[in-house]
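Reader: Could you walk me through this structure, one feature at a time? I'd like the general idea each time, then the case at hand.

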Amino acid sequence: MKPKILIVEDETAIVDNIQFALETEGFQTIWHSEGKEVLPLLIQDKIDLIVLDIGLPDINGMELCKEIRKTKTTPIIFLTARSDEIDRIVGLEIGADDYMVKPFSPRELSARVKAILRRTMNNLDVKTEVLESSPFKVDEDRNRMTYFKQKLDLSRYEFKILQMFINRPGRIYSREQLMENIWDEPEMSMDRTVDTHIKNIRNKLKVVAPEIDPILTHRSLGYSLKEDI
Ligand code: CA
């Protein structure tokens, strides 16, 4: 069965390009120009991924995403024409998996779709693969972690940050997201607390492998773990 991608976008020229690129890669596509069709469709049909424009004629794509997330975990890639929306897309409350800023290359979108589906459709296979190839090994029961077979001496927060990264390589986490998920009292902490912890983690990883910096800084967005270390 070909993976089925739902495209929700009102600009037909963009839709044509996306459909062409995705179908060339062997995906099946369905297209809707308005958001109101989406929720009923998700109930009737099995959709593997949604490409969702934010500027739809009837509803804001982010609002729609929130509605979808109440019942579904279907991966979502946002399309946006406005770079000032990126902060909100990356924010935890929206629940998107990735985004593309217009104008974008349809082939790049295809590559992102493939990367996400590789993670979500064959979760088990991917997990083993990731575990085998990653230099990180996590022993959750004992709160221990090794990096290139060397034990890392991490504080509680450092451990939790790194664990979040390792579970979703490539995903960008904003400082706020890390705060919300990790700190006991996020409101008491400052953004730069996260930066300090990241800096400490980097230093500790550097001791083990000086030539590698597996944590990427995304200017004004946050941090992620490199997918292929
Ligand atoms: Ca639009």
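Author: Let's start with naming: helices (H or I, at least four residues) and strands (E, at least two) are DSSP runs, numbered from the N terminus. Ser220, for instance, sits in the loop between β9 (215-218) and β10 (222-225). Its phi is near 65°, a positive value in a residue other than glycine. This is a predicted model, where local features need pLDDT of at least 70 and side-chain atom pairs count only at pLDDT 80 or more, while totals for chains, interfaces and linings use all residues. Residues are numbered from 1 along each chain as its sequence is written, and side-chain values use heavy atoms, with hydrogens and water left out.

Reader: Where does Asn143 lie, and what is its phi?

Author: Asn143 is in the loop between β6 (136-139) and β7 (144-147). Its phi is near 55°, again positive in a non-glycine residue.

Reader: Which peptide bond is cis?

Author: Look at the one from Lys102 to Pro103, with omega near -5°. Pro103 belongs to the loop between β5 (98-101) and α5 (106-121).

Reader: How is the chain divided into domains?

Author: Taking bounds from an automatic or database domain assignment, we get domain 1 (4-123) and domain 2 (128-225). Their C-alpha centres are 28 Å apart.

Reader: And how do I read the interface between them?

Author: The size of an interface is often given as the accessible area lost when the parts come together. Here, with a 1.4 Å probe and the loss summed over both parts, domain 1 and domain 2 bury about 710 Å², 49% of it on carbon and sulfur atoms. Nine residues of domain 1 contact nine of domain 2, contact being heavy atoms within 4.5 Å.

Reader: How many salt bridges cross the interface of domain 1 and domain 2?

Author: One, if we ask for a side-chain nitrogen of Lys or Arg within 4 Å of a carboxyl oxygen of Asp or Glu. Arg168 pairs with Asp97, their closest N and O atoms being 3.7 Å apart. On the side of domain 1 that touches domain 2, helix α4 (residues 86-90) gives the most, with three residues.

Reader: Which residues coordinate the calcium ion?

Author: Donors are N, O and S atoms within 2.8 Å of the metal (3.2 Å for Na, K and Ca), and water is not among the atoms, so sites may look incomplete. Asp10 (OD), Asp53 (OD) and Gly55 (O) coordinate the calcium ion at 2.2 to 2.4 Å. Asp10 lies in the loop between β1 (4-8) and α1 (12-24), and Asp53 in strand β3 (residues 49-53), so the pair ties together parts 43 residues apart in sequence.

Terms used. Buried area = accessible area lost by both parts, 1.4 Å probe.
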